[in-house]
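Please work through the exercises below with the sequence and the structure at hand.

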Amino acid sequence: MTVAPAVSTTLPSAILPAQPLTALAPMQDVTDLAFMGVVAHYGAPDYFFTEFLRVHSMSRPEKHILRSIDENVTGRPVFAQLIGEDVTHLARTVDELLRHPIAGIDLNLGCPAPKVYKKNVGGGLLRDPEKIGEILAALRAAVPGLFTVKMRIGFEDTRHFDRVLDLVNEHRVDLLSVHGRTVKEMYRSEVHYNFIAHAVSRVRCPVLANGNVTSAAAAHRVIGETRAAGVMIGRHAIRNPWIFRQCREIFAGRPVMRLTLADARDYVERLYRATQRPDLEERYHVNKMKKYLNFVGQSVDADGAFLHAMRRTETETELFAVCDRHLLAEPTREFAPEPYPGVIARPNCETPNTVADGCSLETITA
Ligand SMILES: Cc1cc2nc3c(=O)[nH]c(=O)nc-3n(C[C@H](O)[C@H](O)[C@H](O)COP(=O)(O)O)c2cc1C
């Protein structure tokens, strides 16, 4: 399959064109080349988004993020996400990215990490609609193809929401993803789907609904409730990479594929091999795996026994021994479609992390 060129001005069609769209949400330290490949193996979303490329006077597009664009073999388009506020350097970065096979440019108006929003970028910009207008105008002028925006519904409240939606119309944004929380609500509050529905009715472009889309059934419900053009899914695609395929099944009115613990074991193995690098020492690799498995564990057992044991492993052998014990003892038992209530992926993101300078698995849980 071919990837849409950057100058395309129409949104790529869905894998099943009559269906609502699905997208893998951009996630720093997660949505890299390896993870996108693993997700595509189990059933690609319609669209991928890179983790954010930082833009400032000294920035150059990060090499590992460019790899997720240049070496993309998923057959599905990848939008490159930018975070920044300097219009000159945003436009320069667009020029650089246009040399790569991107589907379009996405602007981050949502990152809630204090170190980010204090620089007045990401979610911090939602306090300043005038500045957003300036950035949207500059990016619209710089991007010959698709220009998309991902936003939250406000900073500490929703007072500027309508103004920002009107700017999205004024600057002819091609696709809007709305995470239905304010910046201050971080990642674990209720999601305000009524605000996403409001965005759908106010903007002219298609809207992707984002936030706590936990399963195909939830995707179906959220689309019904918001009338959004599709869903964007983040943490629950880490837990369940089959989720996009399951969405296509439910959208088609077909039964949703039932997953087993043996399927989850297959996923862990594939993810381990895909994320292995010669320069990554075993114990660091195991630690990296634990960050993904924090989410996977939410569907393994209601007591969190897998998570408890998994967190204590230090080597590949120990990690897979735990996986075998918890996932292959009853291989046909169901890998739960929804996370078990109360099984929390640690650490707790509700404690604002003032050290981390972005959104990373260190700080964000479900
Ligand atoms: C580990 C992690 C990293 C994230 N990094 C980004 C990012 O680089 N850019 C962005 O716009 N949002 C980022 N987000 C937010 C997600 O894209 C998404 O909006 C949020 O997780 C809510 O969706 P979910 O409930 O489906 O996970 C990140 C979220 C997580 C969990």
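The model is predicted: local features need pLDDT of at least 70, side-chain atom pairs count only at pLDDT 80 or more, and totals for chains, interfaces and linings use all residues. Residues are numbered from 1 along each chain as its sequence is written.

**Exercise 1.** Describe how domain 1 and domain 2 touch.

Solution. Begin with the bounds, which come from an automatic or database domain assignment: domain 1 spans 21–251 and domain 2 spans 261–327. Their C-alpha centres lie 28 Å apart. Next, count contacts, where two residues qualify if their C-beta atoms, placed from the backbone, lie within 7 Å. Nine residues of domain 1 meet 10 residues of domain 2 in this way. On the domain 1 side, helix 1 (33–43) and helix 9 (235–239) each give two or more residues, and helix 1 gives the most, with four. Helices here are DSSP runs (H or I, at least four residues), numbered from the N terminus.

**Exercise 2.** Is Gly342 buried or exposed?

Solution. First locate Gly342: it is in the segment after helix 14 (316–327). Then apply the cut-offs for C-beta atoms placed from the backbone: buried means 20 or more others within 10 Å, exposed 12 or fewer, and partly exposed in between. Gly342 is exposed because it has 9 other C-beta atoms within 10 Å.
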